Amino acid sequence: ADTIKAAISDPDGVEEALNYLLSRVDRGEIKASSAATMVGYLPPILERNGIKLPELRKEIKAIPEFKISIDKSRMDQATQDLCRALIERLEMRADFLLSHAPLRREAEAIMRLAKNERRSLNRKERTRVRQLGTAALFCAIECGGAPIRVNNFLHITINVPDAWLTVRSKNEFHLVVPASETKNKEAIDTFIKASTERYHDTVRWFLDMVRPHFFRDDVSETLCDDSKHDKAAKYAAQRC
(Lines give C-alpha, C1' and ligand atoms only; values in the text may rest on other atoms or scores of the structure.)
Protein backbone atom coordinates (compact mmCIF):
# COMPACT_ATOMS: atom_id res chain seq x y z
CA ALA A 1 0.00 0.00 0.00
CA ASP A 2 2.86 2.41 0.69
CA THR A 3 3.99 2.35 -2.95
CA ILE A 4 0.63 3.66 -4.21
CA LYS A 5 -0.47 5.58 -1.13
CA ALA A 6 -0.33 8.94 -2.89
CA ALA A 7 -2.61 7.75 -5.67
CA ILE A 8 -5.22 6.06 -3.48
CA SER A 9 -5.25 8.97 -1.03
CA ASP A 10 -6.47 11.27 -3.81
CA PRO A 11 -10.30 11.44 -3.87
CA ASP A 12 -10.27 12.23 -7.59
CA GLY A 13 -8.08 9.21 -8.26
CA VAL A 14 -10.39 6.93 -6.30
CA GLU A 15 -13.40 8.35 -8.10
CA GLU A 16 -11.72 7.65 -11.42
CA ALA A 17 -11.07 4.05 -10.31
CA LEU A 18 -14.74 3.62 -9.36
CA ASN A 19 -15.82 5.02 -12.72
CA TYR A 20 -13.49 2.57 -14.45
CA LEU A 21 -15.11 -0.35 -12.62
CA LEU A 22 -18.55 1.00 -13.46
CA SER A 23 -17.61 1.25 -17.14
CA ARG A 24 -16.54 -2.41 -17.10
CA VAL A 25 -19.95 -3.33 -15.69
CA ASP A 26 -21.67 -1.28 -18.40
CA ARG A 27 -19.62 -3.05 -21.10
CA GLY A 28 -20.51 -6.43 -19.66
CA GLU A 29 -16.89 -7.30 -18.87
CA ILE A 30 -17.66 -8.01 -15.21
CA LYS A 31 -20.88 -8.55 -13.29
CA ALA A 32 -22.27 -5.89 -10.99
CA SER A 33 -21.92 -8.34 -8.10
CA SER A 34 -18.18 -8.66 -8.74
CA ALA A 35 -17.76 -4.88 -8.93
CA ALA A 36 -19.82 -4.42 -5.76
CA THR A 37 -17.62 -6.90 -3.92
CA MET A 38 -14.40 -5.15 -4.98
CA VAL A 39 -15.75 -1.70 -4.20
CA GLY A 40 -17.24 -2.83 -0.88
CA TYR A 41 -13.85 -3.94 0.37
CA LEU A 42 -12.16 -0.70 -0.69
CA PRO A 43 -13.04 1.56 2.29
CA PRO A 44 -11.86 -0.85 5.04
CA ILE A 45 -8.65 -1.58 3.12
CA LEU A 46 -7.89 2.13 2.78
CA GLU A 47 -8.74 2.80 6.41
CA ARG A 48 -6.55 -0.07 7.55
CA ASN A 49 -3.68 1.69 5.82
CA GLY A 50 -4.40 5.04 7.41
CA ILE A 51 -6.14 6.59 4.42
CA LYS A 52 -9.23 8.59 5.34
CA LEU A 53 -11.82 9.30 2.66
CA PRO A 54 -14.95 10.07 4.71
CA GLU A 55 -17.22 10.57 1.70
CA LEU A 56 -16.22 7.34 -0.03
CA ARG A 57 -18.85 5.09 1.53
CA LYS A 58 -21.59 7.61 0.75
CA GLU A 59 -20.38 7.88 -2.87
CA ILE A 60 -20.40 4.12 -3.27
CA LYS A 61 -23.93 3.83 -1.87
CA ALA A 62 -25.13 6.43 -4.36
CA ILE A 63 -24.28 4.18 -7.33
CA PRO A 64 -27.01 1.53 -7.96
CA GLU A 65 -24.57 -0.98 -9.48
CA PHE A 66 -22.55 -0.97 -6.25
CA LYS A 67 -25.48 -1.53 -3.90
CA ILE A 68 -25.30 -5.32 -3.94
CA SER A 69 -24.52 -6.52 -0.43
CA ILE A 70 -21.10 -8.05 0.05
CA ASP A 71 -22.69 -10.57 2.40
CA LYS A 72 -24.83 -11.85 -0.46
CA SER A 73 -21.78 -12.32 -2.69
CA ARG A 74 -19.77 -14.28 -0.14
CA MET A 75 -19.52 -18.05 -0.12
CA ASP A 76 -22.25 -19.77 1.80
CA GLN A 77 -21.25 -21.56 4.99
CA ALA A 78 -21.14 -25.01 3.39
CA THR A 79 -18.71 -23.79 0.71
CA GLN A 80 -16.56 -22.03 3.30
CA ASP A 81 -16.42 -25.24 5.35
CA LEU A 82 -15.39 -27.24 2.30
CA CYS A 83 -12.59 -24.81 1.38
CA ARG A 84 -11.31 -24.74 4.96
CA ALA A 85 -11.34 -28.54 5.12
CA LEU A 86 -9.33 -28.74 1.89
CA ILE A 87 -6.68 -26.58 3.51
CA GLU A 88 -6.63 -28.13 6.97
CA ARG A 89 -7.40 -31.83 6.36
CA LEU A 90 -4.66 -33.53 4.37
CA GLU A 91 -6.67 -36.69 3.66
CA MET A 92 -9.58 -34.66 2.25
CA ARG A 93 -7.21 -32.61 0.12
CA ALA A 94 -5.72 -35.82 -1.28
CA ASP A 95 -9.21 -37.16 -2.10
CA PHE A 96 -10.08 -33.87 -3.81
CA LEU A 97 -6.91 -33.76 -5.90
CA LEU A 98 -7.39 -37.39 -6.96
CA SER A 99 -11.14 -37.10 -7.53
CA HIS A 100 -10.75 -38.15 -11.17
CA ALA A 101 -9.39 -41.58 -10.20
CA PRO A 102 -12.47 -43.30 -8.63
CA LEU A 103 -14.68 -42.01 -11.44
CA ARG A 104 -12.31 -43.47 -14.00
CA ARG A 105 -12.08 -46.80 -12.12
CA GLU A 106 -15.87 -47.13 -12.03
CA ALA A 107 -16.15 -46.49 -15.78
CA GLU A 108 -13.34 -48.96 -16.48
CA ALA A 109 -15.07 -51.59 -14.33
CA ILE A 110 -18.23 -51.32 -16.46
CA MET A 111 -16.27 -51.73 -19.69
CA ARG A 112 -14.20 -54.58 -18.24
CA LEU A 113 -17.32 -56.47 -17.12
CA ALA A 114 -18.79 -56.34 -20.62
CA LYS A 115 -15.50 -57.47 -22.12
CA ASN A 116 -15.18 -60.37 -19.70
CA GLU A 117 -18.74 -61.44 -20.52
CA ARG A 118 -17.87 -61.18 -24.23
CA ARG A 119 -20.65 -58.77 -25.05
CA SER A 120 -21.31 -55.19 -26.10
CA LEU A 121 -22.20 -52.51 -23.57
CA ASN A 122 -25.93 -52.11 -23.23
CA ARG A 123 -27.38 -48.63 -23.57
CA LYS A 124 -27.59 -48.03 -19.83
CA GLU A 125 -23.95 -49.05 -19.37
CA ARG A 126 -22.79 -46.90 -22.27
CA THR A 127 -24.61 -43.89 -20.85
CA ARG A 128 -23.01 -44.50 -17.46
CA VAL A 129 -19.54 -44.77 -19.00
CA ARG A 130 -20.09 -41.45 -20.77
CA GLN A 131 -21.21 -39.80 -17.53
CA LEU A 132 -18.37 -41.14 -15.38
CA GLY A 133 -15.76 -40.49 -18.06
CA THR A 134 -16.87 -36.91 -18.60
CA ALA A 135 -16.84 -36.22 -14.85
CA ALA A 136 -13.37 -37.77 -14.56
CA LEU A 137 -12.13 -35.61 -17.44
CA PHE A 138 -13.50 -32.47 -15.79
CA CYS A 139 -11.76 -33.32 -12.49
CA ALA A 140 -8.49 -34.04 -14.29
CA ILE A 141 -8.58 -30.71 -16.11
CA GLU A 142 -9.60 -28.76 -13.00
CA CYS A 143 -6.83 -30.22 -10.83
CA GLY A 144 -4.16 -30.85 -13.45
CA GLY A 145 -4.67 -27.85 -15.72
CA ALA A 146 -6.70 -24.84 -14.59
CA PRO A 147 -10.03 -24.22 -12.84
CA ILE A 148 -12.50 -23.55 -15.62
CA ARG A 149 -16.24 -22.97 -15.67
CA VAL A 150 -18.46 -25.92 -16.53
CA ASN A 151 -19.75 -24.01 -19.55
CA ASN A 152 -16.18 -23.57 -20.83
CA PHE A 153 -15.46 -27.25 -20.19
CA LEU A 154 -18.48 -28.32 -22.23
CA HIS A 155 -17.32 -26.19 -25.16
CA ILE A 156 -13.76 -27.56 -25.34
CA THR A 157 -12.91 -28.45 -28.94
CA ILE A 158 -10.41 -30.94 -30.33
CA ASN A 159 -9.40 -32.19 -33.77
CA VAL A 160 -10.40 -28.88 -35.42
CA PRO A 161 -8.45 -25.75 -36.41
CA ASP A 162 -7.69 -23.61 -33.33
CA ALA A 163 -8.84 -26.41 -31.03
CA TRP A 164 -8.93 -25.57 -27.33
CA LEU A 165 -7.34 -28.91 -26.37
CA THR A 166 -4.37 -30.17 -28.35
CA VAL A 167 -1.66 -32.80 -27.94
CA ARG A 168 1.70 -31.06 -27.57
CA SER A 169 3.72 -34.22 -27.03
CA LYS A 170 3.39 -37.75 -25.69
CA ASN A 171 3.35 -36.38 -22.14
CA GLU A 172 1.66 -33.01 -22.52
CA PHE A 173 -1.69 -31.53 -23.50
CA HIS A 174 -2.18 -27.82 -24.20
CA LEU A 175 -5.45 -26.25 -23.01
CA VAL A 176 -6.58 -22.83 -24.20
CA VAL A 177 -9.88 -21.06 -23.51
CA PRO A 178 -10.17 -17.76 -25.44
CA ALA A 179 -10.59 -14.56 -23.44
CA SER A 180 -13.93 -13.94 -25.15
CA GLU A 181 -15.30 -17.09 -23.52
CA THR A 182 -14.18 -16.58 -19.90
CA LYS A 183 -16.00 -14.78 -17.11
CA ASN A 184 -13.21 -12.31 -16.39
CA LYS A 185 -12.24 -11.91 -20.08
CA GLU A 186 -8.77 -13.30 -19.38
CA ALA A 187 -7.65 -16.18 -21.59
CA ILE A 188 -6.80 -19.53 -20.00
CA ASP A 189 -3.57 -20.95 -21.38
CA THR A 190 -2.12 -23.91 -19.55
CA PHE A 191 -0.58 -27.36 -19.91
CA ILE A 192 -1.64 -30.72 -18.51
CA LYS A 193 1.53 -32.73 -18.04
CA ALA A 194 2.26 -36.31 -17.10
CA SER A 195 2.56 -36.57 -13.31
CA THR A 196 2.16 -38.97 -10.43
CA GLU A 197 -1.47 -37.81 -10.04
CA ARG A 198 -2.12 -39.09 -13.58
CA TYR A 199 -4.26 -36.17 -14.74
CA HIS A 200 -2.64 -36.40 -18.18
CA ASP A 201 -3.36 -40.14 -18.30
CA THR A 202 -7.03 -39.56 -17.55
CA VAL A 203 -7.35 -36.97 -20.33
CA ARG A 204 -5.76 -39.38 -22.80
CA TRP A 205 -7.90 -42.26 -21.49
CA PHE A 206 -11.06 -40.21 -22.03
CA LEU A 207 -10.11 -39.33 -25.59
CA ASP A 208 -9.11 -42.90 -26.47
CA MET A 209 -11.61 -44.99 -24.50
CA VAL A 210 -14.65 -42.86 -23.60
CA ARG A 211 -15.13 -40.25 -26.31
CA PRO A 212 -15.82 -42.86 -29.03
CA HIS A 213 -18.89 -43.95 -27.04
CA PHE A 214 -20.46 -40.60 -27.90
CA PHE A 215 -20.39 -41.67 -31.56
CA ARG A 216 -22.47 -44.82 -31.13
CA ASP A 217 -25.65 -45.84 -29.35
CA ASP A 218 -26.07 -49.38 -30.63
CA VAL A 219 -26.13 -52.71 -28.84
CA SER A 220 -24.30 -55.19 -31.03
CA GLU A 221 -25.45 -58.79 -31.10
CA THR A 222 -22.01 -60.32 -31.74
CA LEU A 223 -18.43 -59.48 -30.82
CA CYS A 224 -17.62 -59.16 -34.50
CA ASP A 225 -20.33 -56.53 -35.02
CA ASP A 226 -19.29 -54.76 -31.81
CA SER A 227 -15.69 -54.58 -33.02
CA LYS A 228 -16.79 -53.08 -36.34
CA HIS A 229 -18.95 -50.45 -34.65
CA ASP A 230 -16.16 -49.72 -32.18
CA LYS A 231 -13.63 -49.09 -34.95
CA ALA A 232 -16.07 -46.83 -36.79
CA ALA A 233 -16.75 -44.82 -33.61
CA LYS A 234 -13.02 -44.40 -32.88
CA TYR A 235 -12.44 -43.30 -36.46
CA ALA A 236 -15.22 -40.71 -36.17
CA ALA A 237 -13.94 -39.50 -32.77
CA GLN A 238 -10.50 -38.81 -34.23
CA ARG A 239 -11.89 -36.59 -36.94
CA CYS A 240 -14.34 -34.28 -35.21
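This tour moves through a predicted model one selection at a time.

Residues are numbered from 1 along each chain as its sequence is written, and side-chain values use heavy atoms, without hydrogens or water. Because the model is predicted, local features need pLDDT of at least 70 and side-chain atom pairs count only at pLDDT 80 or more, while totals for chains, interfaces and linings use all residues.

Select β1 (165-169), β2 (residues 172-177) and β3 (188-193); strands here are DSSP E runs of at least two residues, helices are H or I runs of at least four, and both are numbered from the N terminus. They make an open sheet of three strands in the order β1-β2-β3, with antiparallel pairing, where two strands pair if DSSP finds at least two bridges between them. β1 and β3 stand at the edges with a single partner strand each, so one side of each is left without a neighbour in the sheet. Neighbouring strands are turned by 25° against each other on average, direction ignored. Between β1 and β2 there are four bridges, and Ser169 can be found opposite Glu172 in β2.

**Salt bridges**

The structure holds 16 salt bridges, each defined as a side-chain nitrogen of Lys or Arg within 4 Å of a carboxyl oxygen of Asp or Glu.

Next, select Arg216 and Asp230, a salt bridge with its closest N and O atoms 3.9 Å apart. Arg216 lies in the loop between α11 and α12 (223-237) and Asp230 in helix α12, so the pair ties together parts that are 14 residues apart in sequence. Arg216 is buried, at 7% relative accessible area, whereas Asp230 is partly exposed at 25%; buried means under 20%, exposed over 50%, and partly exposed in between (1.4 Å probe, protein chains only). Extending the selection to Asp218, Asp226 and Lys234 shows the network of salt bridges that links these residues with Arg216 and Asp230.

Finally, select Glu125 and Arg119, whose side chains meet in a salt bridge of 2.8 Å, N to O. Glu125 is buried, with a relative accessible area of 14%, while Arg119 is partly exposed at 27%.

Technical notes. Axes are lines fitted to C-alpha atoms, for helices over the stretch in contact, and angles run from 0 to 180 degrees between N-to-C directions.
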